[in-house]
Amino acid sequence: MLATVFCAPAGHAQSLGGWADSASFEFGTNPQQRMLRVAVQKDWERRWFAGNGHHLSGYWETNLALWRLRAYENVPGRHKNIAVLGFTPVFRYQSDSKLGLYGEIGVGVNLLSTLYKNEDKVLSTAFQFGDHIGVGYTTAKWDFGLKFQHYSNASIKSPNAGANWIVAKAAYRF
């Protein structure tokens, strides 16, 4: 299935109504857990602050992730999987050709399948905000990026320890 998503020809994306411009696979890590995430992105047509061959634009991202915790409920070696469904608007500063280096920032909403209790950290709500800041490089068909990702409920309820990740991304453009 992933091969189909990543290698779909442009006509295939159009046959789905043009709902996505790219699909990505991401791997995130920190000392307490690992994350795998798949996502689809839809580019914005709007451009702001255009000048000197660059502009600010962005995309919508819908993603599904799996977090693998290593010390669930503070028990070393007790593993727990958490599924996470997310939606994020992302602002990206890039060249007018959309090729080469870029910087981006996004803040979205996420729903966890169960409460996060790992090591000494607890996220007391299944609803979490997810924000990131990242850099990357885009070719005609591929987008490679690296970002810092943070999840938190913005102190809606305590405790709210937050979860941080370093995330590597590879996306294929249809």
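Modeller: Strands here are DSSP runs of at least two residues, labelled E and numbered from the N terminus. It's a predicted model, where local features need pLDDT of at least 70, side-chain atom pairs count only at pLDDT 80 or more, and totals for chains, interfaces and linings use all residues. Residues are numbered from 1 along each chain as its sequence is written, and side-chain values use heavy atoms, with hydrogens and water left out.

Biologist: How many bridges pair E9 with E10, and in which sense?

Modeller: Strands count as paired if DSSP finds at least two bridges between them. Gly134 sits opposite Lys147 of E10. E9 (residues 127-138) and E10 run antiparallel, with 10 bridges.

Biologist: Is Ile156 buried or exposed?

Modeller: Ile156 is in the loop between E10 (142-152) and E11 (163-173). Buried means under 20% relative accessible area, exposed over 50%, and partly exposed in between (1.4 Å probe, protein chains only). At 55%, Ile156 is exposed.

Biologist: And which backbone oxygen lies 2.7 Å from a polar atom of the Ser57 side chain?

Modeller: Ser57 belongs to strand E4 (residues 54-69), and counts as buried because its relative accessibility is 1%. The backbone oxygen of Trp44 lies 3.5 Å from a polar atom of its side chain. For the 2.7 Å distance, the backbone oxygen is that of Arg46.

Key:
Helices (H or I, at least four residues) and strands (E, at least two) are DSSP runs, numbered from the N terminus. A polar contact is a pair of N or O atoms within 3.5 Å; within protein, one must be able to donate a hydrogen and the other to accept it, and residues adjacent in sequence count only if both atoms are side-chain atoms.
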